[in-house]
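Good morning, and thank you for coming. Please take a moment to look at the sequence and the fold before I describe some of their features.

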Amino acid sequence: MQSSLSLSFSSSSSISPKSNHTLDFSAFVAKPLNLNLRFCGLRREALSFSVSSRRVQLPSRRVPSFISAALSTNGSSPKTFDYDLVIIGAGVGGHGAALHAVEKGLKTAIIEGDVMGGTCVNRGCVPSKALLAVSGRMRELQNEQHLKSFGIQVGAANYDRQGVADHASNLASKIRGNLTNSLKALGVDILTGFGTILGPHKVKYGKDNIVTAKDIIIATGSVPFVPKGIEIDGKTVITSDHALKLESVPDWIAIVGSGYIGLEFSDVYTALGSEVTFIEALDQIMPGFDPEISKLAQRVLINPRKIDYHTGVFATKITPARDGKPVTIELTDAKTKEHKDTLEVDAALIATGRAPYTQGLGLENINVVTQRGFISVDERMRVIDANGKLVPNLYCIGDANGKMMLAHAASAQGISVVEQVTGTDHVLNHLSIPAACFTHPEISMVGLTEPQAREKAEKEGYKISVAKTSFKANSKALAENEGEGLAKLIYRPDNGEILGVHIFGLHAADLIHEASNAIALGTRIQDLKLTVHAHPTLSEVIDELYKSAKVNAHVSSPVKEPVAV
């Protein structure tokens with residue numbers, strides 16, 4: 001299907017508090033250890049000491065993280081393994097897991113066969129935001145009416161294409177360097193070469209280098225998905241990898257797929273002067289977003305701009321421009337499979353989502369079979385083999401498992417895995433992970449859409465309610481002359497649980513985190529109504545959203561003792 005990002009969620013959640021521990025080992029010598037007492041919150045079977053003279057003997061199972069960290073900067077691995085943890089893939093997910101592993105006292109290595117930072121830093125989130133920053137400035141300078149409302153007068157705005165491309169490239173290079181330096185500073189070993197799993201606990205990288213590890217995390221990410229029949233030449237028929245280099249700004253570009261990737265590039269190209277045609281396989285443009293938000297966003301982001309679209313069609317064949325002929329696109333009806341139209345454009349961007357990068361990992365050596373390239377995992381990111389059994393000490397995070405193909409989701413999954421291998425059972429609540437589309441204005445969301453929430457409520461036997469607030473009622477938005485926007489809250493009126501929040505408007509990507517954290521922590525609306533937001537700020541959009549929600553009067557939160565300050 002030529003469409004946008006597809007998300008699947010796991011709804012269970014567990015929160016574990018962190019503690020800081022300072023150990024005085026001499027205390028264990030002075031008096032016998034009473035294992036009937038709680039020791040730093042651990043169960044007695046999790047920690048056993050035998051004391052002889054001034055020597056402390058630790059148990060044979062994994063050493064608690066706070067003790068390991070006290071003994072060594074980057075932990076110390078058991079004699080039977082080279083490392084406590086080896087991570088295959090140094091993207092955002094692998095990097096996040098490595099940093100948390102070092103914090104937990106694990107001796108850690110990360111294997112990278114391409115460049116540090118993976119897709120997000122080099123060919124995704126980071127350089128695309130550099131291009132979108134330019135498109136945002138161009139839109140401001142080109143909007144004479146908007147500037148006039150501030151009393152500002154400017155001349156005609158223009159741009160240097162190579163300068164814009166250099167901004168994106170330089171930013172990626174800077175962030176890539178920062179990631180590398182942060183790992184080196186913490187003592188993480190960076191191993192260069194493609195990683196292949198040879199068997200339990202054993203990984204090969206490069207030509208003949210082999211390392212062993214107690215636990216292994218696969219974090220190999222994804223690559224652009226290109227449907228059959230589409231010929232990529234990297235010049236006139238391109239993926240997001242090529243588009244981020246901005247080697248040209250075509251007069252007319254077709255974008256296949258109208259999800260996150262397609263929308264963001266339409267924002268860039270139209271700001272720089274291109275005309276855009278969307279080709280979408282589903283019956284509506286911008287699938288995957290809450291329908292009400294999608295409708296408003298279409299009115300603001302699509303209709304007034306030089307954008308048209310074809311829905312319910314596949315681009316079954318795309319031929320690059322050559323010999324003086326333009327790019328040709330054959331459109332086929334998604335339902336009848338009959339030829340519908342042929343387009344001739346200057347360029348075509350394939351934004352049909354991403355495919356997991358899992359080939360060559362040696363999965364056959366551990367009896368793991370992928371599903372459409374994705375590695376099957378359970379809710380704790382533990383890899384499942386062809387027989388439905390867990391593969392011991394092997395985990396997969398990020399795009400390679402397909403649970404939620406977002407960079408920060410990969411990082412969160414990696415942190416969750418590290419929690420588990422250091423003795424804390426942790427299950428990530430994917431419904432609390434936000435997503436954002438960095439158009440102008442932005443779109444953000446967390447949790448369920450309204451149709452999803454209604455379907456879930458019908459199955460489980462409860463009712464839902466919806467609250468909305470407009471940016472037109474927000475003083476800060478009006479001061480910016482950016483009153484076009486909507487925030488939407490989907491919740492249970494019987495207990496105040498937040499099921500989903502969707503925002504379209506100025507800085508929506510920044511505003512969503514208050515809601516995502518509330519979902520992650522299980523905070524109910526009746527508590528959020530009592531929180532305070534600075535005035536005048538855009539955060540008051542969320543404040544008004546909570547206050548407008550109607551939670552049943554008999555519902556109350558657990559009583560908390562007042563804190564005197």
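Let me begin with an open sheet of 3 strands, which follow the order β14-β15-β16 with antiparallel pairing. Strands here are DSSP runs of E with at least two residues, helices are runs of H or I with at least four residues, and both are numbered from the N terminus. Two strands are said to pair if DSSP finds at least two bridges between them. At the edges of the sheet stand β14 (313-319) and β16 (339-345), each of which pairs on one side only. From one strand to the next, the twist averages 25°; the axes behind such angles are lines fitted to C-alpha atoms, for helices over the stretch in contact, and the angles run from 0 to 180 degrees between N-to-C directions. Strand β15, residues 327-333, is joined to β16 by 6 bridges, and the two run antiparallel. T328 stands opposite E344 in β16.

The model is predicted, so local features need pLDDT of at least 70 and side-chain atom pairs count only at pLDDT 80 or more, while totals for chains, interfaces and linings use all residues. Residues are numbered from 1 along each chain as its sequence is written, and side-chain values use heavy atoms, with hydrogens and water left out.

Now to the chain as a whole. The chain contains 16 helices and 25 strands. Of its 565 residues, 50% count as buried, where buried means under 20% relative accessible area, exposed means over 50%, and partly exposed lies in between (1.4 Å probe, protein chains only). Among contacts (heavy atoms within 4.5 Å) between residues at least 6 apart in sequence, 65% join residues at least 24 apart.

My next topic is charge. Side chains of opposite charge can pair when their charged atoms come close. The structure holds 24 salt bridges, each being a side-chain nitrogen of Lys or Arg within 4 Å of a carboxyl oxygen of Asp or Glu.

Which residue forms a salt bridge with E419? The partner is K104, with the closest N and O atoms 3.2 Å apart. E419 belongs to helix α11 (residues 407-421) and K104 to the loop between α3 (92-103) and β4 (108-112), so the pair ties together parts that are 315 residues apart in sequence. E419 is buried, at a relative accessible area of 9%, and K104 is buried at 13%.

A further salt bridge joins K129 to E264, the closest N and O atoms being 3.5 Å apart. This pair links helix α5 (residues 125-142), which holds K129, with helix α9 (residues 260-271), which holds E264, 135 residues apart. Is E264 buried or exposed? E264 counts as buried because its relative accessibility is 10%, whereas K129 is partly exposed at 24%.

In the salt bridge of D425 with R380, the closest N and O atoms are 2.6 Å apart. D425 lies in the loop between α11 and β21 (435-437) and R380 in the loop between β18 (354-356) and β19 (382-384), so the pair ties together parts 45 residues apart in sequence. D425 is partly exposed, with a relative accessible area of 46%, while R380 counts as buried at 17%.

Finally, there is a network of salt bridges that links D290, E292, E450, R454, K468 and K488.
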